[in-house]
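Please look at the sequence and the structure before reading on.

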Amino acid sequence: MQMLFFENRNFYYITMLRDPVSRYLSEWKHVQRGATWKTSLHMCDGRSPTPDELPTCYEGDDWSGVSLQEFMDCSYNLANNRQVRMLADLSLVGCYNLTFMNETERNVILLQSAKNNLKNMAFFGLTEFQRKTQYLFERTFNLKFISPFTQFNVTRASNVDIGEDVRQRIEELNFLDMQLYDYAKDLFLQRFQYSKQEEHQLNRLKRREERRLLREQRAHQWPREEVAEEAVTEDYNSQVARW
């Protein structure tokens, strides 16, 4: 029997965040095509939520063909604020039991927990900043990807034409995700700027060291050249004397 030992391995938590409106529209299109999360147990504090704690938004096998309006109208749709819920420690708020505390207190705790966990992760990136995400990933884990990341600005979500009122409604449904994304974007750009400055400083020190070594190398070469020149002169003078 093969046995695996992990005690000497390092495991790192990483994640990717996305603009909440784009992410929400993308999930809607995904569900509209028949995707479900039926196999997800939603485990929290050692148990799955009861049907009363986590009702479904549809009857039948899936929610194929759901309109955006229907998708938004389901108040217990797990697409709402999904990024905060996935990052936060749900046990702090009684998991999926909405009667555990009042909604305002629950939201404050969830958002702060998500921010803390995001900040303490080894790495996180943003879908909207692929090249910067690649740069930070490579700097964090000291590796290089074979090819550069590609920024796809045309997605299924971007092809959805929505009005300003619908966009505002999606932002309201995902108000926690909106705050988390603002926080994540600010932190991400700070880390990127710091890494760039650090890289620039290291390169400057490296060039300075290279110039120092070059000066030392030249200093060791010059005496040998002078000795060689003196030897040639002495040899010429001795030949003249013999002539």
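A pocket, as the word is used here, is an open set of grid points with protein on both sides within 12 Å along at least five of seven lines. The model is predicted.

**The largest pocket**

- The lining of the largest pocket is made up of 26 residues.
- Ser 75, Asn 80, Asn 81, Leu 98 and Arg 106 are the lining residues that lie nearest the centre of this pocket.
- At least two lining residues come from each of helix 2 (68-73), helix 3 (82-87), helix 4 (103-120), helix 6 and helix 7 (175-242).
- Helix 4 gives the largest share of this lining, with 4 residues.
- By class, the lining of the largest pocket holds 14 nonpolar, 5 polar and 7 charged residues.

**The second largest pocket**

- The second largest pocket is lined by 24 residues, and Trp 37, His 42, Thr 56, Tyr 58 and Leu 78 are those nearest its centre.
- Its lining divides into 14 nonpolar, 7 polar and 3 charged residues.

**Nonpolar cores**

- The largest nonpolar core has 30 residues, and those that touch the most other members are Leu 17, Val 84, Leu 87, Leu 118, Phe 124, Leu 126 and Leu 180.
- Helix 3, helix 4, strand 2 (123-126), helix 5 (130-141) and helix 7 each contribute at least two residues to this core.
- Helix 7 provides the largest share of this core, 7 residues.
- Leaving out residues up to four places away in sequence, Leu 17 is in contact with Gln 83, Leu 87, Leu 118, Gly 125, Leu 126, Thr 127, Glu 128, Leu 180, Tyr 181 and Ala 184.
- Another core, of 18 residues, lies apart from the largest one, and its members include Val 21, Leu 68, Phe 71 and Val 166.

**Helix 6**

- Helix 6 spans residues 164-173, and Val 166, Ile 170 and Leu 173 are buried in it.
- The buried residues of helix 6 line one face of the helix, because they fall within an arc of 60 degrees when seen down its axis.
- Glu 164 and Asp 165, on the other side of helix 6, are exposed.

Conventions
Residues numbered from 1 in each chain as written. Predicted model: local features only at pLDDT ≥ 70, side-chain atom pairs only at ≥ 80, totals over all residues. Heavy atoms only, no water. Buried < 20%, exposed > 50% of the residue type's maximum accessible area, 1.4 Å probe, protein only. Arc of directions from axis to C-beta. 1 Å grid on protein atoms, 1.4 Å probe; cavity = no way out; pocket = protein on both sides within 12 Å on 5 of 7 lines; lining within 4 Å. Nonpolar A, V, L, I, M, F, W, Y, C, P; charged D, E, K, R; others polar. Core = buried A, V, L, I, M, F, W, Y, C linked by side-chain atoms within 4.5 Å. Contact = heavy atoms within 4.5 Å.
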